[in-house]
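Biologist: I would like to learn how to read a structure like this one, feature by feature. Could we begin with a pair of neighbouring strands and go on from there?

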Amino acid sequence: MALRENRKRKDLQVPDETSDSEFDDGMLDGVLSQSDDESRDESTDLEDFDSEPDESQSDVEGDSVDNDLRLDDAETVDAVLDSEVKGEGRQTLPLYQFRIKANNGEHSEYDEIDPVYDSDDTDAQGPANTIGNVPLSFYDSYPHIGYDINGKKIMRPATGEALDALLDSIELPKGWTGLMDPETGKPLNLSQDELELLRRLQLGEVPEEGYDPYPDLIPYFTSIEEKMPLSAAPEPKRRFIPSKHEAKRVAQLVRAIKDGRVLPYKPHDAKAKDEEGEEGELHYDIWANEESRDHHVMNIPAPKLPPPGHDSSYNPPQEYLPTAEERKAWEGTDPEEREKEYLPARFDALRKVPAYAQLVKERFERCLDLYLAPRVRKNRLNIDPNSLLPKLPRSEELKPFPTMCQAIFKGHEGRVRSVALSPDGEWLASGGDDGTVRLWAINGHQEWIARLSSEDAVDCIRWRPSRETFIIAAAAGESLFFMVPPVCGDTMEQASRAVLDTGFGYAASFGAGSGVDSRARESSAKWSRPGSKLEDAGVLLQATVKAAVKTLNWHRRGDFLCSVSTAGERSSVAIHTLSRHLSQIPFRRLPGLAQTAQFHPSRPLFFVATQRMIRCYDLRRQELVKVVQPGARWISSFDIHPGGDNLIVGSYDRRLLWHDLDLSSRPYKTMRFHSEAIRAVKYHRNLPLFADASDDGSLQIFHGKVVSDLMENSTIVPVKMLKGHVVVSKLGVIDIDWHPRHPWCLSAGADGTCRLWT
């Protein structure tokens, strides 16, 4: 059987010399084999077909084979393969066939796969063009347009005549688009589903049929409270305990509102400006197409022009005609400042009246008036401007306060720089440029005098705040003098001398124990006797510091005294202890030039004023507590309210400032009643009164009521201005003090006099 197959195979093959020379074994194998795996499979089943015919047989039988046999080679090979497969019962061969090329070569060709329902490629269409991204224009000169998967040429579809194309365009088939498929070159037709999809997209509908874009809401959570909640966890503690974070945040906002950094209520004008800036200005001419309407509250007619007067007549009376001076003055005035845009003129007849030269301009301004007219009907409010001012009580209701000069104290040579009333209110002491300290009775009689210095003026004088003693402290140059005038009783004089002499015993007992303390005490101040002459006059103690002292203030207990020097040195502020004869420098460095200092009337606080700030220090903890910012250019003096929560500040820039220490560090109220600098301010210790002294020679008396309710603000009312001092060298009233019980005020002026106002 095998021999017969070999003979048949040999008879079928008709090689020639050219084929032997042109195709060798290796080349033929490469043409026949599709892959390495296929070549291995073929070698097992078709061993007979791989063997080459003998050269002798090919030479003998090659001459007897004609051309007809070559044309039928393919059919013969197919029949032989089919018969062998059926007869021998071997394994199924791959579905390919051998084809004879034009050069007598063989190649295998697979059958086309017919897709069925079970196939994965259910949408397979005709032969797919495998040219990839090669443009079809490259095949314009060829009869084909590409190649399929088997390498066959895909021929160009036949095109009809122009008449056929016209008929095809008239009789449009269903799904016709008029486009050509770039892959196949055939007309592109769309299916019914594709047409429906395009229609939905054009109409803006949902592409998928049956899709509901607005489904019914499924109420996952309802308002019905179930008996069993979703979570059985206990109620958290944070839901019924106040939040500390929110409390801190509220405290920060309250502090910001008090400091003025946050405005809780924005002014209406600012809101309107912000809204105009955001929305932009839009104006409409609501009277562009105005028609006559009945009177109605919603109908806003256009504003009417004022009727013409006599001066608009072409033949006005003689009194309306301008004179030559009036005409010259009108022509010399700027057009914006003229009351009228024309001058009255007289004409004999109406036909002689020329055209009005300002007609176009007036029409234009009239249009501007309509364009800028308000769009809302507003009722004009007839309000007295005085009614908008805050309602303050009348000065007659706030009595008593000083209104007149009761006594004038004369005797100083030059300016009287300081004045003070005794704690019992029976005596007053004054010091001036002549270097003397004078003691006066309340009726104006001088009772005692002591000259402290012949070169330096007495800048400040203060009584010790105690009724058991009769001690005056005065500052002249770099020295502090403590004196007991010999006008009081023997018991009070002995008690006063004992208070001043206590410090000598303390210095003798404890001063030598520590060398460091003694050196520090010597460096800050030197305490000694002033001399026999001054001791005979009543001046018993002297303390010398390094700089000239300008202000003095006692502590409420009477044992401590603070002095301030404006020289700007380290020892500008000093605190002196009377019972120990000890002076201390509390600050190593001050941020500015010190102006004055005071103790708090009830708490251990110490206030120091520089040129622009007032700093509050806690003496017990020795730290800075608060910084008051009056906003003045140069602070001259300040005083603390007896309640301790308010203070007033006077400045050289003519401003009087009231500060509420609990409210803010900024001034609660700023007042300007003087034309010159304010030299001194002072609170009354028992009555709701305070006053200031200015270089314009006047004193301004105020009623200042402070209540304990934090929701109510202080009431400040100016009640009286007192004038009587003469201004000398641009200096008026220099110092001021109040009577401890009565509403009496004492002032010291640059004219060398002191005045008592009652």
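Modeller: Let us start with one pair of residues in this predicted model: Ser418 stands opposite Gly431, which belongs to strand 9. The partner strand is strand 8, and the two run antiparallel, joined by five bridges.

Biologist: What lies between strand 8 and strand 9 in their hairpin?

Modeller: Five residues separate the two strands of this hairpin, and Gly425 takes a positive phi there, near 80°.

Biologist: Is strand 8 mostly covered or mostly open?

Modeller: Strand 8, which spans residues 416–421, is mostly covered, since five of its six residues are buried.

Biologist: Which residues have the most contacts inside the largest nonpolar core?

Modeller: That core has 21 residues, and those with the most contacts inside it are Val437, Leu439, Leu452, Trp463 and Met483. At least two residues of this core come from each of strand 9 (427–432), strand 10 (436–441), strand 11 (446–451), strand 12 (458–463), strand 13 (472–476) and strand 14 (479–483). Another core, with 19 residues, lies apart from it, and includes Cys460, Ala475, Leu500 and Leu561.

Biologist: Which residues does Leu439 touch, leaving aside those up to four places away in sequence?

Modeller: Its partners include Trp427, Trp448, Trp463, Phe470, Ile472 and Val487.

Biologist: How should I read a helix, and what can be said of helix 11?

Modeller: As a general idea, an α-helix has 3.6 residues a turn, so residues three or four places apart point the same way. In our case, helix 11 has 16 residues, 244–259, and reaches 22 Å from its first C-alpha to its last, close to the 22 Å expected. At its start, a side-chain oxygen of Ser243 comes to within 3.4 Å of the backbone nitrogen of His245, while just after the helix Gly260 takes a positive phi of about 85°.

Biologist: Where is Arg589 found, and is Arg589 buried or exposed?

Modeller: Arg589 sits in the loop between strand 20 (582–584) and strand 21 (596–599). We call Arg589 exposed because its relative accessible area is 68%, and the cut-off for that word is over 50%.

Biologist: What is the mean pLDDT of the protein?

Modeller: The mean is 78, and 77% of the residues reach 70 or more. Over residues 1–91, however, the pLDDT is below 50, and this stretch has 57 contacts in the model beyond near neighbours in sequence. Residues 512–522 also have a pLDDT below 50, with five such contacts.

Notes. Residues numbered from 1 in each chain as written. Heavy atoms only, no water. Helix = DSSP H or I, 4+ residues; strand = E, 2+ residues; numbered from the N terminus. Expected span 1.5 Å × (residues − 1). Polar contact = N/O pair within 3.5 Å; in protein donor to acceptor, adjacent residues only side chain to side chain. Core = buried A, V, L, I, M, F, W, Y, C linked by side-chain atoms within 4.5 Å. Buried < 20%, exposed > 50% of the residue type's maximum accessible area, 1.4 Å probe, protein only. Contact = heavy atoms within 4.5 Å. Pairing = 2+ DSSP bridges. pLDDT = per-residue confidence, 0-100.
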